[in-house]
Amino acid sequence: MQAGSVLWPEPSAGIGVVIVDNDTLTDLNIDQAIAAVLRDGDEYELEALFRRPVRDRDTVRYRQEVFGDFGNDAVRAVFVEFAAGMRRVRRRLAGSARLTHALQKQRWLLDAAAAYIMAITRMAEAISGLPLSSRALQRWRDFVEFYTHGSDFGSLVGDVRDVQRALATVRYGIRIVDNTIEVGAVDEETDFSTAIADLFARFGSGAPPPLRPEAEWADMNQMEEQILDRVVAMQPDTFGRLAQFAGRHQQFTDSGVVAFDREIHFYLLYLDFVRSVTGDGRTMCLPQVVIQPDEVRAEHAFDLALAGRRSHAEQPMVCNDFQLSETERVLVVTGPNQGGKTTFARMFGQLVYFAALGCPVPARSARLSLPDRLCSHFERAEQAADSDGRLLAELERMRDTLEQATPDSVIILNESFSSTSTVDGMQIGFEVLDQIIARGSIALWVTFFDELAHAGPATVSMVAATDSDDPSQRTFRIVRRPADGNAHAVVLAERYGLTYDLVTARFAQ
């Protein structure tokens, strides 16, 4: 019986993926979110998995089921303990590979096997009574029961136990005479250590300090090696059994168990990240996923990367809602600078991306599509290599995006075509918007061109709101209402006496 994958219900080679380029990962700060998930280093080589969103609803549901089971803390704790046990196994194996003395290498291999047996055995005992509903973990439970009752595992358990018992009987004595050390059999001389400890206890010395934790690097010095060699010469049969064990069980781990240990960290690491970014009114959910985007929505959503960078001591983050229904395809977001528009756009893309990974998304509830590609078109600084200018570079990038766009694509634009005049920018914007609508793609466009928000029934206007008592103060709420044509420059001009009337009146004096 094979362990099976906890990430793929079927062989992953035949499962379609969402096309996302590196620029989009950077534009939407998805790369930052992935780095935060893997903040302690990519020990399990999972970055490639987090960069592979899938366009397969069954795979997404398969992973969501596991996340659902891990919503039970008692279930998750069993797998956290197993992961810790397997980490000890890997460290012992790595230590064995570093050591130079053959017998010490063999002993560390034995200890690694013992840790492996303990991790598997404790998993088998705990998992049998867990309320598991996911296909992946139910299959793993069946495998663990099959594996632990198999002859290979039973042989390993028996061999480890026999060698440990034999090594536990090893006794030897050391005599220090001048500058020499003599190693021999244990004599009948009295062990005065207990008597000495009792004597000093009268003076309040108390119990001896606890032993220091065993170091991961425990190579022996030359004197210790010579002592060990003499002990081996005294009891060759016992240490011969250790050498035989090492020869038989050099590769004692099951490949399915090792693969499971790696894949389960996809869930454990992401859930650790979830716990670090939720709270203060922020929650995450397993979204409803659809192939055909008849309705796309999210409630109380937030920017995952931004939440990962902010501390709880800072001002609480503002969460936002959005919805596209029936023929609606494009969210056009307008409003003042520094009002949260770009953050809203990144949040939108992150929701789509992490939903396609089968992960919880940063929202209270959500219904999201699985796109064939996720594209971004963010404003870029002019490059010296762009001999034809920044606008042409933008147009070429947009042309490439539109040529690849389909009704299943998601496109996120941020202040595109602001490098040209308002008249030209609006004309280009309307033409691009018409192309997006004609293809039926889902899109979100952050723009200063309020007119784009009134392009027709396929567009939905959303505005970065300000404080009703002080329009210069941002609320960071993105609300669904008609664009008002007010970029709030007038408010600032009035505050600082820079309106047209005030300035001309000043010159007339």
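User: At what angle do helix α4 (residues 57-69) and α12 pack?

Analyst: The model is a predicted one, and the packing described here is computed from it. In this model the axes of helix α4 (residues 57-69) and α12 lie 11 Å apart. The angle at which the two helices pack is about 60 degrees.

User: Which word describes how α4 and α12 are oriented to each other?

Analyst: Angles of 65 to 115 degrees count as roughly perpendicular and those under 35 degrees as roughly parallel, whereas α4 and α12 pack at about 60 degrees. The crossing in which α4 passes α12 is right-handed. The orientation of α4 and α12 to each other is therefore oblique.

User: Which residues of α12 does α4 meet, and how do the residues of the contact divide?

Analyst: From α4, the residues R63, V66 and F67 take part, and in α12 they meet F266, Y267, Y270 and L271. By class, the residues of this contact of α4 with α12 divide into six nonpolar, no polar and one charged.

User: Is the crossing in which α5 passes α12 left-handed or right-handed?

Analyst: The axes of helix α5 (residues 73-98) and helix α12 (residues 255-277) come within 10 Å and cross at roughly 125 degrees. Angles over 145 degrees would count as roughly antiparallel, and α5 and α12 are therefore oblique to each other. As α5 passes α12, the crossing is left-handed.

User: How many residues of the contact of α5 with α12 are charged?

Analyst: On the α5 side the contact includes D73, R76, R87 and R90, and on the α12 side it includes D261, D272 and R275. Of the residues in the contact of α5 with α12, 10 are nonpolar and one is polar, while the number that are charged is seven.

User: Which helices are included in what covers the buried residues of α8?

Analyst: Helix α8 (residues 151-168) has 18 residues and reaches 26 Å from its first C-alpha to its last, close to the 26 Å expected. Its buried residues include F153, L156, V160, V163 and L167. What covers the buried residues of α8 includes α6 (102-127), α7 (135-148) and α11 (236-248).

User: Is E45, with its positive phi, buried or exposed?

Analyst: E45 is not a glycine, yet its phi is positive at about 55 degrees. The residue is placed in the loop between α2 (30-37) and α3 (47-50). Because its relative accessibility is 59%, E45 counts as exposed.

Note on methods:
Residues are numbered from 1 along each chain as its sequence is written. This is a predicted model: local features need pLDDT of at least 70, side-chain atom pairs count only at pLDDT 80 or more; totals for chains, interfaces and linings use all residues. Side-chain values use heavy atoms; hydrogens and water are left out. Helices (H or I, at least four residues) and strands (E, at least two) are DSSP runs, numbered from the N terminus. Buried means under 20% relative accessible area, exposed over 50%, partly exposed in between (1.4 Å probe, protein chains only). The expected span of a helix is 1.5 Å times one less than its number of residues. Contact means heavy atoms within 4.5 Å. Axes are lines fitted to C-alpha atoms, for helices over the stretch in contact, and angles run from 0 to 180 degrees between N-to-C directions. A crossing is left-handed if the near helix is turned anticlockwise from the far one by less than a right angle, and right-handed if clockwise. Ala, Val, Leu, Ile, Met, Phe, Trp, Tyr, Cys and Pro count as nonpolar, Asp, Glu, Lys and Arg as charged, and the others, Gly among them, as polar.
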